[in-house]
Every structure is written in structure tokens, then in C-alpha cells.
Amino acid sequence: MIILMESAVENLKHDKKDDVLIAAGMKLLEDTIDELKRRLLGDYEEKEHEYFYRNMFVHSSITFDVYGCPEFLNIPFLPNSGAYERIWALAQESSISLESYFDEICGANVSELVNMRNMWLIGKYLEKNDIDFFNEENRKYCHRLFQDKYKRFKEDLELASAYGRLDDEFNQDTRIRQMLESWAGWADETENFGFFIDLCHRISDWIKSRSLVRSKALKERLFHMKEEHVFPESQSELYESAYKEVDKRISAENYAAAEDLINRVSTDDLQVDDLQLSEDLNRFIDEYESLHREISDGSTTLASRKRFLIKSVHNKEARMAEKLLNAWPKGRSYHESEAGQIFDLLGFDVENVVKMDLVSGRYNSFDVLLKKKRNKSLANYVHYAPAFGSKACDTGITLMVLLGKFQAQAIMDCVNEMDMNKPLIIFLDSALQMVERRSLAKEMKKHSFGMPVLVVDRGIISYIIKHYSDRGSANRMLLNLTLPYTYYQPYLKKAATIIPPELFMGRKSELERIKDPNGVNLIYGGRQLGKSALLQIAKHEVNGNVAGQRALLVDIKACDYKEAAKKVCRKLCEEGILESCETDSWKELTDRLRERLLDLGQPLPYLLLMMDEADAFIDSCAAVNYRPFDLLKELQMLEGNCFKFVVAGLRNVVRFKKEIALGNNSSLAQLEAMTVKPLRTAEARELLEKPLRSLGFQFSKDEKGERLISMILGTCNYFPGLIQTYCAMLIESMKRSYGGYNQNVTPPYIISEDHIKRVLADEGLQQEIKNKFEMTLRSDEDDYYYLIANLVAYLHYNNKEKSGVATADIMALARELDLWKFDELKAENIEALVEEMRELNIFQLAGEREYQFTRTSFLQMMGSLEKINEVLMEAMRNE
């Protein structure tokens, strides 16, 4: 009988079946016969029946209950991840012995996370459950290690999303995040750590397989672009290089950066001039060792090192450098005049210096008041720190003088004793070692004080003296050498915040067209594009003009033409331009302004009146045939170019309401208009890189650095508001764990994938960008942009073969769904709206008169097909 059993087992082993159920049945039959044989021979152990599934204990993808039976846990929507599929896949693999696996894991110092219950079952079977692997301390360590790996995988997932590797057509991106959070909580509670790690591997493999579809689509776009795009022969090398770089980015699976470069090629936005990024910090670090040797002797004054610091005194620069050296603190007696002189030589326009009470009864402190800038031209701002520039003219700066050696913590203690209601500059008459300077950088970012603190020690002031050329360059060097070693946030997260002149980048020609008396009168553009910032800066520059010109910016949001007249009237009175005026009549208002402009007794050479958020005002003007515009235009035609008006809104009324706007000889159509569009690449890079550079953040000068820049700008759609948000959150990440940087070698802070993915994961930056993208689409009460974007997404998901969508398709779908908001719209209205969305860089042309989303990420931000259906159904109901 035993011989027959052995023969039957051998036959079963060799009789392979492809059908899973038949194969499973034959395996069961094989094991049953083998068990009968061993029972007859007397070498069968009863615990083998109790631990029947023991050979699967070594596989983390299967979890077990306390009795050693498999838990049939199904992982939703991931391929080949159902419980039976996982078990069947394991059955095909050769398995390590329980003894080897157990000894390997227990001897690995927990470098590999496993399922603790699996290990417990193996230990129980092998009778080895008394080892240290199962003690409380080790279990806690496993939990910490698990949380770290979970955090890192979330970071990798966010980076994959930023690189455009995820597809959200069926809400998979969102479902992965939700599933991951759910399984992570379960794994932490049940200690099935290995199962979760296996799940992460499965998700990574799934993302990689799905991203191949994106790779193919981008390669097709690149192929067609090479065939169809026409460029000047003189720039063939530039375009051929771009094509090669797109191909490299696709191979590197950075699809967002590849798509961004394709879009730049299609809009002929490849030429980027040298940004002339500051090298002050890098040069300072390179020179510091030799500089420190010469100036670190605290027993002598810094002035005694004059011959080392100043090579010649026969020119103006050297004489000013010598004055700066002599004004540096030499002892406890430090006077207001010396403080005022050193601030002046460092590029500050000093109004007055007032000596304050000693800090802690020991340290001199001063209140430094600065002059208001008379000429507020942007060219007069040499750095990117408003707290020590335009804002300091209002707040002033506190100066504290510390004598002798201070370590980082001692400096922090001194700052804590200050009343921090304005920016603080510390003069430290000792030379910090580089290791201490870097320790200070970390401490400052960990314990930000609400106001920025700059520490100027002998090392920094000596470098400035040694390289002194003029007050402007000294001011720039001062900020570029101190800001990296403190915490300072120049960027603005909230779009409503008034932008300081130091942070206004690009838009030079648009700004001139606004200020120019013969320039534009109508400005259009969506949210996040910097439209209001343009008006603010125009006001700032005109009001700061030495010629006595005036600029007025009035927010007339939700005001009809009568309310707008009242609001403008009140503002003119508040600013002292009109003595008293209270009217809702544009005729009366413009008459009063004409009298004021022609009054030779109170000369007003130029008045620029700007009205922002003017959509309701423009709409209401249609009822009176745009008469307010006629009156403003008449006023603008006064001799001497003494008056100009600018009206800014979201929608191009001439394009959108052509028949009304052009009818009855309205002057509206005769006014010059300008659409504010997303930044060009050079302008966007300036906003991204220059302020970051002054804070010590640098992108590597290689392909990886270029691709990160491209990915960031593409993610932000070249919207200045989104770039500001991205950079602000990147800087804020330094408050936690120093942004993952190594204190021993920073600053400078080289921005890498690791840093970016921490920001993406920790700050929820992707969600912030998604929210602002939706805010751009929901720019007005009618929600036309938002609904059109959902209609285009719906048409894309239901007909992927088509590269673009025609406006006729959008109109037809809106009619089919009975979207009442579109009832009164004509084809030309839809075309006007879609064209505005193209100017916003949300859509791009995909063939003749067809449109598609400019970036795949925009399509993903619209959500799944299920979500789009919900939005459209809601629009059908809300009549």
C-alpha cells in the first residue's frame, strides 16, 4: 500500500494542470496521500495538522489568525492582488525553510519589517518563542520603523504624482491614498508590517505599469511636434536640443517635466537668458577658512586687520570700505552716530537712530528709522527681503550689539530677551566658526521669532569690506550672506496680500503699459495671475515718482456703476485729491475731476485712476450703453496727458458680449485692452529662483536641477500666485526637522527630489494647488470656466481617441445635459470663454479650433469620471 501511495504522489507531481482549481485539487490530493503514508509509517507529527499552512508563514503577503489559518484579505482594484491570487502566486514560488527564515529575520536587527503574527506562529511551531525578537522594546522599534517607512512611501507617492505618473480617471489616485491610510492604520494595530510593505511594492509596480500609457502618449506628441512644428532655421540647434531633452525626461519617467518642455516648444518659449543668480554665499563659504584665520583673534580690534581687508585706499570704494571698517563696534561705548554711519554704508537710507535701554543690562541696542523712498522704481530694490527694504521704511529696524564670543544658543537667548516687534540686526564683534554658523542656521529655523533676525559677525562684515564697491552691492551682500543663516519668509501664500515691490518679477512691459498715459485702459485675466499685483505696483511707482504724480487703486468688487462712482468718489476725497464729493453720477464725478486737473492753483501733473475687480461694474454699464466709459475717455483726452483710467476684470467684455459692447458707437471697443497671462519661463524662473537663492536655496546646475524647476513651474502652471504658494511652503518645511538637510554641510540648501517630496507630503501642497486651480476655474458667480472644464473632461474620458474637443462639442453636450446656465449662450460666447481659458493656460490648441487641457495634471485635478458626472448632475439641478 505504501508503495502504491508513493507511486500515486509521484504521478500527481508530474501531472501539471493549467487550471487553477484542478491544480489546487491535485495538490490537496497529493498532500492527503502523503499524510496517510506518513501516518502508516509513524513519522507524522500532530502539530503538522495544527500548522497545516506553515509553509506560507514566511510570506508577508499572507496574514494569519491566531490559529494559523489564512485571512482572506482582498486588496481592491490592484491587479493580481486578491487573496486567492496572492496565495496561488506564492504556490508557484520555491519557499525558504521555516528555520532559515526565522533565524535570518531574528538576526537581521529588524532591518526588514515582517508580520509579527507570522513570526509568532513560526516561533511557536519551532518552539522558539522565548527569544528577544518578541520583547516589548523590539516591538516598539518595529512600530517606529514602520511609521518611518510609511512616511517615506507617502513622500514617494506624492513625488510620483508630481512627476505625472498617476492616472486619476477612475479616482485611482485618490483611492490609493485612502486605501494606504486605511491599511496603514490596520497594519500598525495588528503588527502586520510585512503585509503593508508588500502592498507598497504592489502599488509601486502598478503605478509603473500604468505610467507606460503616459510615456507612450508623450512620445506620440513629441513625434507629431517634430513633424509639424515650424521654427526659425537660426534656432534649429535650440529646438533639436529641446526635443532630445523631452525624450530624456520621458525615459526618466518625469512626465510632468517632459510635458512642460513640450508646451514650451509649442509656444516658442525656450529662450531663457542668464538669470544672473547671486554667487555671494558660495564665494563667502569658499573664502571663509582663510578669512576666519585673519580676523578671529578677539584680543585685537577688527580695524587692526585693515591691511588684510583693504588692499588700497586710493579709490572711492576703498575709502568707503575703510569708513565701514572704522564704524564697526570696538568696545562697550557705541554711539548713535556710529550705528547710523554703518547702516548708511551698508545701503540703508537712515532717517534717525535712537539709543534704547541696554538688553539684559549689558548689550547696547538702537532703534534705526529709515527714510521713505522718494523714487520707488523697482530698479531701486537690490534684494528680496521686504522686511529690510520697503517694509522697513514703515517699521524701522532694531540693532543689538554683542561683544565677545557667543555660541549659537547664547545668541538665541539674547534674541529671546528682545521685544520682537520689528526686524532685528545683531552686530557680533567676534568671528563665528563655520560649524557654529551652521548650528545657528538650524536653531533660527527651528525657533522662528515672528520677525527676522540677521546676525552680522566679524566674518560677514569683513567679507563685505573686502569686496566693497558701493552701497547697493553692500546691501545686497549683507542680505545674501545673513538670510541663509536665519528663518525668513518673503513669499506670500495668500493672493489677497499686497505684494511688496521686491517680490514683483517680470511683467515689465505690462507695467509700463499701465503707467503710460497712452497705454491700456482695460485689463483682463483670471485669478492667481498677478493682475491685482500689477495694479498695486503701478500705484507704488507712480505715487513714488518725484514729479508729484498720483495713482489711485479702488477695489469695486460687486459694485454696479452707481456704487462704483460712490466708492471712487470717497477714495478721491480720502486721498486729498478732491475736497468733498458724494455722488453716484459718473457725469458729476468726471466734471469734478476735470475742474481739479485744470486747477492751476493746485497742480496735479498726472492722475492714474485704477479700478480693480470691476466685472459687476462693467456688466451694469451695459444698461446705460457704457456711458461711464465714454465720460472717462473724454476726461482722458484732456491736453497734457494729465489723466488716465484703468479698469481690471476677469472677463473680456468686448469678446464675450460683442454685440452689446460694439453697438451704439460705445467707446468701450475703442479702448486698448490687455490680457494678463501666465508668466513666461524666464519671468517664472526669476520669481522661483532669485528669492530662494537669497535664502540659501539652490537648484543643482545639471539635468536633475532643470527638471525639478520645470516640474515645479509646470505644477504651478506659471501662475505667479501658485509659484509664491509653492515657494512659501517649501521654506516653511525648514521648521520641521530642518527640511531633512544635514546641518554639517548647509547652507547652501541644494533642492533635490528628497526635499521636494517631503514638502509635497508634509504640507499637502498638491491639495493646496488643487484648491487654487479650482478657485481659478470658479472665478465668477456664473461658474462658466468650471462647467466648461468639466464638460471637456467628460468628453475626453468618453472619447479618448480624439486629441481635442471643439466648441461645438461643448455646446452640444451642454444642450444634451440641459445645463440651464448655457441656455442664453451662443457659439461665439462659448468660443470667447474657451479662448479665455486658453489664455489662462488651462487649455491649449489641439489641431484647428479644437482644445485640450494644457497639462495632464489639470485633467487629473478635475477628478474621476464619477466626480465629473456628479458636478454636471448638480449643475442640471441647480436652476
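## Aromatic pairs, a buried threonine and an enclosed helix

A search of the whole structure, which is a predicted model, turns up 28 aromatic pairs. Let us start with one of them. The ring centres of tryptophan 183 and tryptophan 186 lie 5.1 Å apart with the ring planes at 90°, and because planes over 60 degrees apart count as edge-to-face, this pair is edge-to-face. Both tryptophans belong to helix 8 (residues 172-190), where three residues, about one turn of the helix, separate them.

Another pair joins phenylalanine 343 and phenylalanine 427. Here the centres are 6.1 Å apart and the planes meet at 45°, so the pair is tilted. Phenylalanine 343 sits in helix 15 (residues 336-345) and phenylalanine 427 in strand 6 (residues 424-429), so this pair ties together parts that are 84 residues apart in sequence. Both phenylalanine 343 and phenylalanine 427 are buried. Elsewhere, ring pairs link Trp586, Phe617, Tyr626, Phe629 and Phe645 into a cluster.

The charged end of lysine 154 sits over the ring of tyrosine 150, at 4.8 Å from the ring centre. Likewise, the charged end of arginine 778 sits over the ring of tyrosine 786, 3.8 Å from its centre.

Next, have a look at a loop. Threonine 486 is found between helix 20 (471-482) and helix 21 (508-515). A polar atom of its side chain lies 2.7 Å from the backbone oxygen of valine 453. Setting aside neighbours within four places in sequence, threonine 486 is in contact with Met444, Lys445, Val453 and Leu454.

Our last stop is helix 30 (residues 703-715). Among the buried ones are Gly705, Arg707, Leu708 and Ile709. At the N-terminal end, aspartate 702 caps helix 30, with a side-chain oxygen 3.2 Å from the backbone nitrogen of lysine 704. Just after helix 30, asparagine 717 takes a positive phi of about 55°.

How values were computed. Residues numbered from 1 in each chain as written. Predicted model: local features only at pLDDT ≥ 70, side-chain atom pairs only at ≥ 80, totals over all residues. Heavy atoms only, no water. Buried < 20%, exposed > 50% of the residue type's maximum accessible area, 1.4 Å probe, protein only. Helix = DSSP H or I, 4+ residues; strand = E, 2+ residues; numbered from the N terminus. Polar contact = N/O pair within 3.5 Å; in protein donor to acceptor, adjacent residues only side chain to side chain. Contact = heavy atoms within 4.5 Å. Phe/Tyr/Trp six-rings, centres within 6.5 Å; stacked < 30°, edge-to-face > 60°. Lys NZ or Arg CZ within 6 Å of the ring centre and 35° of its normal.
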